Amino acid sequence: TANVVASLVVPSPYHPHSSELVSTYQDAMRAVHGDSFKPSYVSLEGYLSAAFTLAVLQRMQSAYVEDPVEFLRTVYRSSLFTVGELTLGPFLSHSDGTGCNQGLRQVWLSQVITGGYAPLPSTSTYTFSSSECFSDPTALAKIMLFGQSVALSGPWARYGAAVRDGILAAFAQKNALGGVFGYRLALHTMDDGGNPANCTANTQIFLARQGVYGLIGYMGV
């Protein structure tokens with residue numbers, strides 16, 4: 001088995017500091033099982049399934065929480081869910097009865113060793129899409145563009161840049177998982193120097209420009 005590599009559907013359950021999901025999983029398991037708890041891929045997969053179910057229930061209106069049909073509607077209506085640092089979905093239902101029920105779009109590679117698996121470096125994590133869920137390589141050529149006016153110069157520059165960088169990180173994370181309904185998220189940031197007049201002018205440019213889906217990440221004006 002020295003050269004056998006397995007693709008796993010959850011990250012390694014043994015290293016809590018490498019994953020928010022794994023950390024919360026270990027905390028929950030210890031709270032229930034105490035010192036007898038031993039991490040495993042199978043129990044982590046069960047924990048993830050329950051965490052997804054809870055994420056759906058939390059999005060349902062309380063009046064419908066006992067209705068399993070509404071549960072499914074919430075899954076398809078919301079489409080994307082976040083559990084820890086993982087994104088599940090998009091879940092799609094089409095009128096012809098087909099749909100996309102691909103949960104995770106990642107696999108984690110581990111080397112097979114005696115008694116289990118040894119995780120390979122984080123660079124050995126892969127994202128993918130199935131034939132029914134945006135496997136067309138041209139799909140992400142479609143862009144969903146957001147506009148942002150923020151201070152990139154002047155005394156507020158470091159705060160504006162931090163907001164921009166946070167948005168870009170979130171967009172990059174989502175794009176790596178297939179984007180949103182086949183669209184690649186993009187950001188156009190314009191510098192307003194913290195000046196309200198400049199912010200207004202930048203916003204008018206965005207509003208007049210075709211193809212800008214929305215505005216995001218304004219601050220301090």
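Predicted model: local features only at pLDDT ≥ 70, side-chain atom pairs only at ≥ 80, totals over all residues.
D192 is found in the loop between β10 (183-191) and α5 (196-208).

D192 is buried (under 20% relative accessible area, with exposed over 50% and partly exposed in between, using a 1.4 Å probe), and yet D192 has no salt bridge, a term for a side-chain nitrogen of Lys or Arg within 4 Å of a carboxyl oxygen of Asp or Glu. The nearest side chain of opposite charge to D192 is R164, which lies 12 Å away.

## Aromatic pairs

The structure holds six aromatic pairs, counted when ring centres of Phe, Tyr and Trp (its six-membered ring) lie within 6.5 Å, with planes under 30 degrees apart taken as stacked, over 60 as edge-to-face and the rest as tilted. The rings of Y14 and Y41 have centres 5.9 Å apart and planes at 85 degrees, so this pair is edge-to-face. Because Y14 lies in the loop between β1 (5-8) and α1 (20-33) while Y41 lies in helix α2, the pair ties together parts that are 27 residues apart in sequence.

Y14 counts as partly exposed at 38% relative accessibility, whereas Y41 counts as buried at 10%. Another group, made of Y25, F37 and Y47, forms one aromatic cluster.

## Basis of the values

Residues are numbered from 1 along each chain as its sequence is written, and side-chain values use heavy atoms, with hydrogens and water left out. Local features need pLDDT of at least 70 and side-chain atom pairs count only at pLDDT 80 or more, while totals for chains, interfaces and linings use all residues.

Note on methods: Helix = DSSP H or I, 4+ residues; strand = E, 2+ residues; numbered from the N terminus. Lys, Arg positive; Asp, Glu negative; His and termini not counted.
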